[in-house]
Structures are given as structure tokens and as C-alpha cells.
Amino acid sequence: MTTMATSQVTGSRSRFEALSWYFMRISGLVLLFVAVGHLMFMHVLLGVDRIDYSVIIGRWASPFWQLYDLALLLFALLHGANGGRWVIDDWVHPRGWNLFVKTLLYGIVLILFLMGAQVIFTYQPSSTAINAFFNTLL
């Protein structure tokens with residue numbers, strides 16, 4: 001009975017680790033395109049010297065840019081948390097400390113995601129900021 005339970009736990013853990021391994025590759029690829037797209041738009045198309053408060057607020061007036069920035073935030077946090085989980089498994093061996101540090105990591109990731117999503121979706125830009133954003137594109 002113990003062997004069967006151990007086998008099921010080990011099997012589900014190895015399946016989770018395999019999915020985690022695939023997630024790291026896929027999220028890394030998605031992050032590459034999303035981050036490079038962000039970099040090209042903000043730093044090459046707009047120019048660093050033209051980025052200010054009104055540009056960011058005007059950008060978040062568009063649902064596309066809200067979702068884009070949310071995807072960047074989500075993939076960066078989950079990719080980093082998954083890598084952090086592997087580092088914790090490699091360096092923190094006592095089971096209780098391992099669980100504590102992972103819980104702390106997941107809590108920080110959740111708080112950062114909720115804060116970022118709140119800022120992206122609840123900020124009310126003024127029409128002046130939106131117009132300033134579109135003027136920077138021209």
C-alpha cells in the first residue's frame with residue numbers, strides 16, 4: 001500500500017516536473033517575443049526621451065496594451081517563480097523550510113501580480129494623457 005501511494009506521489013510529481021520543464025521553455029519563448037516587442041515599441045519606435053507619465057497612461061487607455069502588459073507581467077512572474085522553485089529545491093533541503101520559502105515565494109508572486117493587474121486595469125487616464133500618447137506616435 002505504501003509503495004503504491006509513494007509511486008502515485010512520485011508519478012504525479014514527475015509529471016508536474018515535466019510540465020514545469022515544458023512551461024519554462026514555452027514561457028521563455030513567449031517572454032522573448034513579448035519583451036522584445038515591448039522594447040522595440042517603447043525604446044525604438046517611441047524613443048526613451050519621449051516616454052513620460054502621459055505616454056504610459058495613454059498606452060493603458062487601449063485594451064490591447066493593457067492585455068499586452070498583463071501578459072508580460074504574468075509570464076515574467078510565473079517564469080521567475082518556476083525558476084525560483086527549482087533554486088529552492090536545489091538549496092533548501094529541510095522539508096519544512098522548503099515549504100516555507102516556496103510559500104513565501106508564491107505569496108510574493110501573487111501580491112505582485114495583483115498589484116500590477118490592479119494598476120493596469122483600474123487606472124483612469126485623462127483624455128489629455130490619451131491625446132498626448134497619440135501625439136507622441138505621430
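W65 is buried, with a relative accessible area of 14% (buried means under 20%, exposed over 50% and partly exposed in between, with a 1.4 Å probe and protein chains only). The structure is a predicted model, in which local features need pLDDT of at least 70, side-chain atom pairs count only at pLDDT 80 or more, and totals for chains, interfaces and linings use all residues. Residues are numbered from 1 along each chain as its sequence is written, and side-chain values use heavy atoms, with hydrogens and water left out.

Six aromatic pairs are present in the structure (rings of Phe, Tyr and Trp, the last by its six-membered ring, pair if their centres lie within 6.5 Å; planes under 30 degrees apart count as stacked, over 60 as edge-to-face and the rest as tilted). One of them joins W65 and Y68 edge-to-face, at 5.2 Å centre to centre and 70 degrees between the planes. Both residues belong to helix α3 (residues 63-91), three residues apart, about one turn of the helix; helices are DSSP runs of H or I with at least four residues, numbered from the N terminus. Y68 is buried, at 17% relative accessibility. W65 and Y68 form one aromatic cluster with F41 and F64.

The structure holds four salt bridges (a side-chain nitrogen of Lys or Arg within 4 Å of a carboxyl oxygen of Asp or Glu). In one of these, the side chains of E17 and R85 meet at 2.9 Å, N to O. This pair links distant parts of the chain, with E17 in helix α1 and R85 in helix α3, 68 residues apart. E17 is partly exposed, at 23% relative accessible area, whereas R85 is buried, at 3%. R85 also forms a salt bridge with D89, with 3.8 Å between the closest N and O atoms. D89 counts as partly exposed at 21% relative accessibility. A further salt bridge, of 2.7 Å from N to O, connects the side chains of D89 and K102. D89 lies in helix α3 and K102 in helix α4, so this pair ties together parts that are 13 residues apart in sequence. K102 is buried, with a relative accessible area of 13%. Through shared partners, salt bridges join E17, R85, D89 and K102 into one network.

D89 and K102 are also among the residues nearest the centre of the largest pocket, together with R13, R95 and N98. Ten residues line this pocket, and α4 gives the most to the lining, with six residues. On a 1 Å grid over the protein atoms alone, a pocket is an open set of points where a 1.4 Å probe fits, with protein on both sides within 12 Å along at least five of seven lines; lining residues have an atom within 4 Å of a point.

Key: Helix = DSSP H or I, 4+ residues; strand = E, 2+ residues; numbered from the N terminus.
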